[in-house]
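Here are my notes for you, as numbered points to read beside the model.

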Amino acid sequence: MPIDCITYPDVGIYSIAIPTQKETPYHVPEFHQYPKKLSGQEEGYLYSCIRELQEYARNQQTNLKSHHQDFLFVSPSGKSLVTTQDVNTFLEDVCEKYRIKDASGVQTSITSHDLRHTAVVERFKYGIISPYQTMRESNHSSIAQTCGYGYASVHDESKKLTEISIGMLEDQYAVSEPTDKKIAPRAISKKKYSALCKNFDTRLLLDGSVCVNSACVPIFETCSMCEYFIVDPKWQEPLEEYIAIFTDRLNELEAIGGNPNSIAFLNHQKDVYTRILSKIIDNSTNEMEVC
């Protein structure tokens with residue numbers, strides 16, 4: 001993050017420029033602007049902190065190597081930049097000093113990645129910032145990776161998975177008489193499902209389900225190659241809708257010079273669904289001719 005990271009777009013407003021990736025001699029990252037009010041209590045405190053960091057960093061420039069100059073976060077020694085390990089060590093000391101506990105009540109320590117994870121979860125919780133913007137700002141390779149940040153802590157995720165597992169296995173490992181209780185499938189929020197559906201690398205299945213494992217090949221894709229494969233005509237309308245989605249995705253990707261692997265993946269899905277749709281149309285035509 002550069003020293004000169006603050007601009008003033010309007011009266012009483014300052015904006016922080018934050019990069020999505022580390023800056024190197026071979027890579028200039030994309031910057032995101034975050035406007036803040038100078039009059040706000042938290043915003044004013046953040047502004048004061050940044051100004052102090054800027055002053056400290058400028059005073060240390062002569063002590064730094066050339067490739068470490070002009071950046072904001074200079075280590076307390078004044079001879080290098082702050083590293084991830086420096087931040088994690090600081091957080092570990094804070095957790096130990098103040099006896100920070102996790103959701104299960106056990107004393108723990110946190111890392112810089114935990115803070116990043118929490119920020120993404122909070123965005124999903126309140127829905128103010130879109131998953132795609134979060135994906136770009138988090139420098140994730142796909143929306144599926146971003147949506148994988150579904151729980152605020154490892155404890156919360158483990159607890160949820162345990163509840164699901166116990167429900168699935170209760171008939172096999174029950175210590176009492178089995179019950180007629182039905183096990184509900186694991187659900188995801190509508191917002192998360194919608195974000196997955198919009199992702200270029202999400203596979204759309206015929207029943208309306210989605211799959212984020214691009215390496216998986218559903219049985220119906222293999223069966224569609226067989227001459228004995230007969231498709232229920234009720235799938236014609238969903239197939240036409242999916243083909244239109246794939247076409248829109250391809251047009252969007254090609255327009256921005258998107259990932260070739262994603263383009264190949266989408267072309268494959270479009271070809272499979274077009275082949276299945278053709279079977280429905282051919283069968284309908286044959287039935288009309290017989291009549």
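1. A search of the whole structure, which is a predicted model, turns up 4 aromatic pairs. Rings of Phe, Tyr and Trp (its six-membered ring) pair if their centres lie within 6.5 Å; planes under 30 degrees apart count as stacked, over 60 as edge-to-face and the rest as tilted. Tyr14 and Tyr47 make a tilted pair, because their ring centres are 4.9 Å apart and their planes meet at 50°. This pair bridges distant parts of the chain, 33 residues apart: Tyr14 sits in strand β2 (residues 13-19) and Tyr47 in helix α1 (residues 41-59). Helices (H or I, at least four residues) and strands (E, at least two) are DSSP runs, numbered from the N terminus.

2. Are these two tyrosines buried or exposed? Buried means under 20% relative accessible area, exposed over 50%, and partly exposed in between (1.4 Å probe, protein chains only). Tyr14 is buried, at a relative accessible area of 0%, and Tyr47 is buried too, at 18%. Together with Tyr8, they form one aromatic cluster.

3. Helix α1 deserves a look of its own. Its 19 residues reach 27 Å from the first C-alpha to the last, close to the 27 Å expected at 1.5 Å a residue (the expected span is 1.5 Å times one less than the number of residues). Its buried residues are Gly44, Tyr47, Ile50, Gln54 and Ala57. As background, an α-helix has 3.6 residues a turn, so residues three or four places apart point the same way.

4. What does the buried side of α1 pack against? Its buried residues pack against β1 (6-10), β2 and β3 (31-37). The face turned away from that side carries the exposed residues Gln41, Glu42, Tyr45, Glu52, Glu55 and Asn59.

5. Most residues other than glycine have a negative phi. Asp70, although not a glycine, has a positive phi of about 75°; Asp70 lies in the loop between α1 and α2 (84-98) and is exposed at 54% relative accessibility. Arg99 is not a glycine either and has a positive phi of about 50°. Its place is in the loop between α2 and α3 (112-126), and at 59% relative accessibility Arg99 counts as exposed.

6. Ser138, in helix α4 (residues 131-138), is buried at 8% relative accessibility. A polar atom of the Ser138 side chain lies 2.8 Å from the backbone oxygen of Thr134. Leaving aside neighbours within four places in sequence, Ser138 is in contact (heavy atoms within 4.5 Å) with Arg116 and Val120.

7. Ser112 is found in helix α3 and is partly exposed, at 25% relative accessibility. Ser112 and Val87 are 25 residues apart in sequence, yet 6.7 Å apart in space, C-alpha to C-alpha. With neighbours within four places in sequence set aside, Ser112 is in contact with Thr84, Val87, Asn88 and Leu91.

8. A word on conventions: residues are numbered from 1 along each chain as its sequence is written, and side-chain values use heavy atoms, with hydrogens and water left out. In this predicted model, local features need pLDDT of at least 70 and side-chain atom pairs count only at pLDDT 80 or more, while totals for chains, interfaces and linings use all residues.

Conventions
A polar contact is a pair of N or O atoms within 3.5 Å; within protein, one must be able to donate a hydrogen and the other to accept it, and residues adjacent in sequence count only if both atoms are side-chain atoms.
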